[in-house]
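Subject: Structure handover

Hi,

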Amino acid sequence: MTTTVKNIIATGGSSGLGFEVVKQLLQKPEPHNFILGVRDPERTRNAYKDLAYDESKHSVHILPLDLSNLRNVQLFVQQALAQLGPNKLDLLFLNAGVLDTASGPGPNGSQWCEGYVVNHLAQHYLVHLLRETLNACKSRIVVVSSGAIRNIRNQDPGTLDIDLKAGSGAGYGVVYSASKFVQLVGAHYWRRALPECSIVAVSPGLIPNTKLAQSLNLSMDMPDAKTIPEGAENLLRAFYATDLPSDPEQIFLTSWGEWWPKDVYALSLDPALQSKWCLSRDEIEKAEGLSAAQ
């Protein structure tokens, strides 16, 4: 009997948690076809070659993707859809993330800092570009979130306009919390805008050994610290979860496998906030100086 291939488009699969997620799936008997967008394609191809996975069963396609450049996002989507062809897109895995300050100019002339562009704006734009395919395939979208969404400055969404602007001077922790909060706001937006799809935000837990976490001087000696393989296992729960809550606003899967109550992320549920931070495709292209995507 032929087993159906599971087709996955993913960001952030070159190292850390994203690489470990793909690695674990490549060890499964069910066949997977990955289309991965990464900053360093050559290094990433070599990393996957070293895994010596069963290429008669699984396939890994590496495409260049720089999320700090929205024109590059346009090109990636064109190439990813060409690679996907007529096949069903089962899952979009939005895992890419950066840790940065807002001390300098924004990438490619953006008014926003790189942390915001990469962690939210570019991947939100990517979903816009894939929207028709996602809707037609009734795909699952897995958004890698963080408990840091609870730490926006002063617990006031009004601080986002200040902290996420390029040149604001906001530090690593402030920018990361703010950008991940807006990313979660985006997940709620897509939950409403793509009713045919299932949207799951998920936290891997405290993973000190990723490059991102090491920049924050986290340690495996900290309470609740988990290894990269354990964090990847936590993320994979979101790939397969069938116990989605009946309340469509309850979309956040914790690292311990439970659905977070809405009061934990209540600030992100404001429809007005979602409308403000989740621009349309045309609005993004106008604001970022892009020509219409082909």
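A search of the whole structure turns up 1 cavity of 30 Å³ or more. A cavity here is a set of points on a 1 Å grid over the protein atoms alone where a 1.4 Å probe fits but cannot get out; lining residues have an atom within 4 Å of a point. This is a predicted model: local features need pLDDT of at least 70, side-chain atom pairs count only at pLDDT 80 or more, and totals for chains, interfaces and linings use all residues. Numbering runs from 1 along each chain as its sequence is written, and side-chain values use heavy atoms, with hydrogens and water left out.

The largest cavity has a volume of about 120 Å³, taken as the space filled by probe spheres set on the points. It is lined by 13 residues; Leu94, His124, Val143, Gln183 and Trp190 lie nearest its centre. Helix α4 gives the most to this lining, with 5 residues. The lining has 7 nonpolar, 6 polar and no charged residues (nonpolar: Ala, Val, Leu, Ile, Met, Phe, Trp, Tyr, Cys, Pro; charged: Asp, Glu, Lys, Arg; polar: the others, Gly among them).

Now the helix contact. α1 (residues 16-26) and α8 (residues 228-240) pack at about 65 degrees, axes 9 Å apart. That makes α1 roughly perpendicular to α8 (65 to 115 degrees). Axes are lines fitted to C-alpha atoms over the stretch in contact, and angles run from 0 to 180 degrees between N-to-C directions. Helices are DSSP runs (H or I, at least four residues), numbered from the N terminus.

Best wishes

Note on methods:
Helix = DSSP H or I, 4+ residues; strand = E, 2+ residues; numbered from the N terminus. Parallel < 35°, antiparallel > 145°, perpendicular 65-115°, else oblique. 1 Å grid on protein atoms, 1.4 Å probe; cavity = no way out; pocket = protein on both sides within 12 Å on 5 of 7 lines; lining within 4 Å.
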